[in-house]
Amino acid sequence: MVKHVRSMGLTGLSAYEVSIECYLSGGLPTFDIVGLPDAAVKESRERVRAAIKNCNLRFPVSRITVNLAPADKKKIGTLYDLPVFLGILAAAGEIRNLPDDAAFLGELSLGGELRPVPGALPMAMGAKRLGIEDLFLPAANAGEAAFVEGLKVYPVEHIDQLLRHLNGEEQIEPVSAPEIPPQTVVGLDFAEVKGQEHVKRALEVAAAGGHNILLVGPPGAGKSMLAKRLPSILPEMSREEVLATTEVHSVAGLTGRNQPLVSDRPFRSPHHTVSAPAMTGGTSSPKPGEISLAHNGILFLDEFPEFGKQVLETLRQPLEDGQVTISRVSGTVVYPSRFMLVCAMNPCKCGWYGHSSGRCQCTEPSVTTYHSRLSGPLLDRLDLELEVPALEYDELRVYTPAESSATIRARVNEARAIQRTRYKTSGLACNAQMGQSELKAHCELDQDADKIMRGAFDRLGLTARSHDRILRVARTIADLDGSEKLTAAHLAEAIQYRTYDFRGG
């Protein structure tokens with residue numbers, strides 16, 4: 001007799017049901033798992049065998065065949081240990097009642113303890129979508145899965161505990177979803193930054209509208225220091241953003257018992273030696289890369305031109321589409337990648353081009369070559385390009401605290417509230433995501449503003465894409481100003497954030 005146990009599988013963030021079919025027959029004792037299992041799934045035979053024996057249960061001496069259906073999808077990971085374990089015991093008559101509306105997943109230790117598996121949250125969401133009412137999984141994964149409304153999540157520490165529950169001897173209490181913790185402003189604060197008021201203003205605009213920004217300046221000017229304080233002024237995440245961000249981190253195995261949710265916006269800062277697969281997501285079984293782990297947060301690239309050309313060019317499609325498509329022989333997966341790109345770079349190889357000290361020894365051709373590492377199409381996708389000058393001595397000797405991150409963040413939250421109201425029917429999160437219809441509806445220029453834009457378009461050699469990005473930034477500046485109308489002053493400020501000359505430094 002064939003016994004069926006329901007479980008889940010993942011392709012990217014898309015969950016699907018996996019039916020574990022267990023069949024015991026006569027013949028020489030063997031234990032075969034079919035249905036495109038990977039090495040980790042095949043090794044579950046030894047974990048399951050040891051767990052059954054160490055839990056004082058009888059391992060059937062017969063020919064055991066386990067099929068993971070659908071058989072044409074590759075099964076990856078250790079999450080099928082638990083359903084295979086239950087299926088064999090059910091087929092052997094050791095378990096009488098396996099609920100039809102429940103799914104099981106989890107890795108087994110040799111002693112019968114359940115260990116956490118990646119991807120619990122998206123699989124829980126998929127289970128709810130498929131009509132599954134009960135989900136049994138490792139206790140370390142229960143915290144994140146419990147945030148799926150309408151699904152009973154049962155935390156299992158040891159297989160003995162689950163067997164007692166299934167036999168009606170001792171019930172496991174389902175986990176209730178805790179409150180999503182509020183985002184906190186801790187650590188680095190803009191109050192510690194001396195000078196650079198125009199840069200702090202630009203970062204406020206970028207945070208308020210979700211815009212990409214590039215900071216260019218000599219060593220020690222404060223580019224990295226400012227960028228690392230940007231998370232402290234980002235707006236709070238909505239529940240939908242928290243769950244979407246946690247899904248990506250869950251698949252990457254970055255959530256756990258102590259941190260079931262990602263409630264603060266991510267800040268990812270990969271080293272410039274990062275590879276293209278590590279940036280976009282790779283390996284034979286594609287996992288989320290840096291750009292997906294930065295979803296709804298910040299991707300900070302310090303020493304921007306030092307990144308490999310292939311790595312930088314992989315950013316172009318995600319910046320435009322908000323998602324990354326990874327194709328491998330085993331299949332194609334799509335991960336979200338809606339992030340703020342924040343970059344910092346020196347004006348030349350030595351870093352001192354144009355500095356008043358005259359210490360730069362770079363020639364004009366070498367400066368041009370250094371800038372040429374950044375392609376025009378990539379730079380065209382940046383909303384703000386800002387020069388960060390070195391501080392003067394008098395600025396360094398000022399000890400009066402500057403405006404705090406909490407104060408700036410309050411203005412950013414107000415601007416984002418305006419944008420949420422504006423785009424509540426279109427599904428957009430911020431001004432940086434505006435399409436052509438939204439630009440036409442919310443960025444109409446009067447005669448004075450149109451004259452300014454025309455002059456900038458000809459003088460700066462703007463493209464259609466950079467023209468639209470300036471309008472989006474101007475819309476954000478107007479929101480910070482509390483203005484429904486986009487004025488010439490808003491547009492002029494937006495244009496000045498794109499005046500850095502990459503041809504001559």
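Which residues does V66 touch, not counting residues up to four places away in sequence? V66 touches I20, E21, C22, F31, D32, I33, V34 and V84, where contact means heavy atoms within 4.5 Å. The model is predicted, so local features need pLDDT of at least 70 and side-chain atom pairs count only at pLDDT 80 or more, while totals for chains, interfaces and linings use all residues. Residues are numbered from 1 along each chain as its sequence is written, and side-chain values use heavy atoms, with hydrogens and water left out.

V66 belongs to the largest nonpolar core, which has 63 residues. A nonpolar core is a set of buried Ala, Val, Leu, Ile, Met, Phe, Trp, Tyr and Cys residues joined through side-chain atoms within 4.5 Å. Buried means under 20% relative accessible area, exposed means over 50%, and partly exposed lies in between (1.4 Å probe, protein chains only). In soluble globular proteins, nonpolar side chains tend to be buried together. The members that touch the most other members are I20, V66, F85, L86, F104, I159 and L162. Helix α3 (residues 81-91) gives this core its largest share, 7 residues. A second, separate core has 49 residues, including V199, V205, I233 and I477.

Helices (H or I, at least four residues) and strands (E, at least two) are DSSP runs, numbered from the N terminus. Helix α3 is largely enclosed by the rest of the structure, because 10 of its 11 residues are buried. Among them are D81, L82, F85 and L86. Just after α3, G93 takes a positive phi of about 85 degrees.

D81 is also a contact of E107, a residue in strand β6 (residues 107-108). E107 counts as buried, at 17% relative accessibility. Its side chain makes a polar contact with the side chain of T78, at 2.9 Å. A polar contact is a pair of N or O atoms within 3.5 Å; within protein, one must be able to donate a hydrogen and the other to accept it, and residues adjacent in sequence count only if both atoms are side-chain atoms. Leaving aside neighbours within four places in sequence, the contacts of E107 also include E113, R115 and P138.

The aromatic rings come next. A pair of aromatic rings is described by the distance of the centres and the angle of the planes. Rings of Phe, Tyr and Trp (its six-membered ring) pair if their centres lie within 6.5 Å; planes under 30 degrees apart count as stacked, over 60 as edge-to-face and the rest as tilted. The count by this rule is 4 aromatic pairs. F31 and F59 form a tilted pair, because their ring centres are 6.1 Å apart and their planes are at 45 degrees. F31 lies in strand β3 (residues 30-34) and F59 in the loop between α2 (44-54) and β4 (63-69), 28 residues apart. F31 is buried at 6% relative accessible area, and F59 is buried at 13%. The rings of F104 and F136 are stacked, because their centres are 4.9 Å apart and their planes are at 15 degrees. This pair joins strand β5 (residues 102-104) to strand β8 (residues 134-138) across 32 residues. Ring pairs link F104, F136 and Y154 into a cluster.

Rings can also have a charge over them. This is counted if NZ of Lys or CZ of Arg is within 6 Å of the ring centre and within 35 degrees of the ring normal. K73 lies over the face of Y16, at 4.1 Å from the ring centre. The charged end of R359 sits over the ring of W352, 3.8 Å from its centre.

Strands of a sheet pair through backbone hydrogen bonds, either parallel or antiparallel. Here two strands pair if DSSP finds at least two bridges between them. Strands β1 (residues 2-11) and β2 (residues 14-25) pair in the antiparallel sense over 10 bridges. They form a hairpin with 2 residues between them, and G12 in the turn has a positive phi of about 70 degrees. An open sheet of 5 strands has the order β11-β12-β15-β10-β16, with parallel pairing. Its edge strands, β11 (267-268) and β16 (384-387), each pair on one side only.

R475 is buried, with a relative accessible area of 1%. A polar atom of the R475 side chain lies 2.7 Å from the backbone oxygen of S483.
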